Amino acid sequence: VAVLDIDICGPSQPRVLGVLNEQVHQSGSGWSPVFVDDNLSVMSIGFLLSSPDDAVIWRGPKKNGMIRQFLSEVDWGNLDYLLMDTPPGTSDEHLSASTYLSQAGLTGALIVTTPQEVALLDVRKEIDFCRKVNIKVLGVVENMSIFVCPCCKRLSEIFPATTGGAKKMCEEMNVPFLGSLPLDPTIARFCDEGKDFINELPNSPAVKSLNEIVKTKDDEDSLPASVV
Amino acid sequence: MLESVKHVILILSGKGGVGKSTVSTQLALTLKEKDFKVGLLDIDLCGPSIPYLLQLEGKDVHQADGGWVPVYTDNDQKLAVMSIGFLLNNRNNAIVWRGPKKTAMVRQFLTDVCWGDLDYLLIDTPPGTSDEHISVMESLRGIKCDGAIIVTTPQQVSTEDVRKEITFCKKTGIPVLGLIENMSGFVCPSCTECTNIFSKGGGEALAELAQVPFLGVLPIDPRVGTLLGKACVKELPDSPSAKTFNEIAQKITT
């Protein structure tokens, strides 16, 4: 598996995957991605910045150039899955991803939302974008769905699903609803610290849900894939 | 057409989903409650949230001799709003534009809208440091911009991006009016235990590190997001959020 972080202005993958201060090396065969594990590599502009305060203040064409370089000059090796993490929006980065990969084959898009209408409002547009540029919507994941108080176990909706949440939106937009991930503050902390919450928090309801979602998608797809 | 606007304030973040638009609308409503004439410009072209948050979806933008007439929240015309959301035929339609087209739209919003006499124009931006942000800075050259308010959540994954936004401000000469730490702690309505769902203190720590003012903390309060067009300071006056919005309004208006 490889993760390509095409959020040029706000690259988060180096931190979340625990490889924040790693370097990218160049060789005859191109750039080497950073390896998180034997079978997980990542590329991000984050590795090319010399300081956490460095801002990438680029207009669209320059961002597109970077994304093209990431796709054509990184020595990914043989991959089962290439996941591309995108910034919010329906603009240059998203258009470039779909254009540059149109020849190679883009399996589809996984869309992440939170339950409240102000998020769904943007996600409906994201689904419309996918349809306009012929990207198959593999499904929608509802993140941060419910919070369980660690003290009294009461369930709270942090982001109230006043319009039915992702499930209802998926029915209306005719796209698969893949599942909900509850809020787990420990996962948030693990992301900040770059720790592997999948393996270290196997009993977290969010991790269990995530494993279910991945299992479903893995059963369905049997070919090498790139996913936005 | 910003000659009669006394103060221009940008609302920025490096990160998406931190509550920028909610903070922008509540700040605009707070200033309106204090009897200021306010404008709210939504330059998030891909994900315009302001019309929904102010319950103005479906309203039309009209053309006058001088340019576009903004949408007013009510008859007293104390809060004027402009967003690409008003120009969409269908709320599900995506704006699939590359940078140059977005730049042109942002410029139009700043030069062709008849804002009239405003005390404060708040500009809500999308996350990032790209076309929209560069264009707004270029269009505001020559116009006095008070500065930027930056919104973050407490986690490092958020403050890491917000650090870059602060750099953007420093490089483009926008004063940073201050940082707000949003979604900072959740008090369970049952047992009043406070859980720091998205960590705590990251915003305050970043403000100190970057040497910018810290404007305050907003806790996670699910009621605020559902207020839709109503001012938190009026509807939930005893809430910690109302207290913070009042304090921020006080700081930016003195």
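Where does B:Cys191 lie in chain B? B:Cys191 is placed in the loop between strand 10 and strand 11 of chain B, and the views below start from the sheet and then come to this loop. This is a predicted model, in which local features need pLDDT of at least 70 and side-chain atom pairs count only at pLDDT 80 or more, while totals for chains, interfaces and linings use all residues. Residues are numbered from 1 along each chain as its sequence is written, chains are lettered from A and ligands numbered from 1 in the order in which they are written, and side-chain values use heavy atoms, with hydrogens and water left out.

**View 1. The open sheet of chain B.** Eight strands form an open sheet in the order 5-6-2-7-1-8-9-12, with mixed pairing; its edges are strand 5 (71-72) and strand 12 (214-217), each of which pairs on one side only. Strands here are DSSP runs of E with at least two residues, helices are runs of H or I with at least four, and both are numbered from the N terminus; two strands pair if DSSP finds at least two bridges between them. Strand 2 (residues 38-42) and strand 7 (residues 118-124) of chain B are paired in the parallel sense over five bridges, and B:Leu40 stands opposite B:Leu122 in strand 7 of chain B.

View 2. Neighbours within four places in sequence aside, B:Gly14 is in contact (heavy atoms within 4.5 Å) with residues including B:Pro127, B:Asp161 and B:Glu165. B:Gly19, found in the loop between strand 1 and helix 1 of chain B, touches B:Val151, B:Asn182 and B:Met183, not counting residues up to four places away in sequence.

View 3. B:Cys188, in the loop between strand 10 (186-187) and strand 11 (194-195) of chain B, counts as buried because its relative accessibility is 1%, whereas B:Cys191 counts as partly exposed because its value is 28%. Leaving aside neighbours within four places in sequence, B:Cys191 is in contact with A:Cys149, A:Cys151 and A:Cys152.

Methods: Buried means under 20% relative accessible area, exposed over 50%, partly exposed in between (1.4 Å probe, protein chains only).
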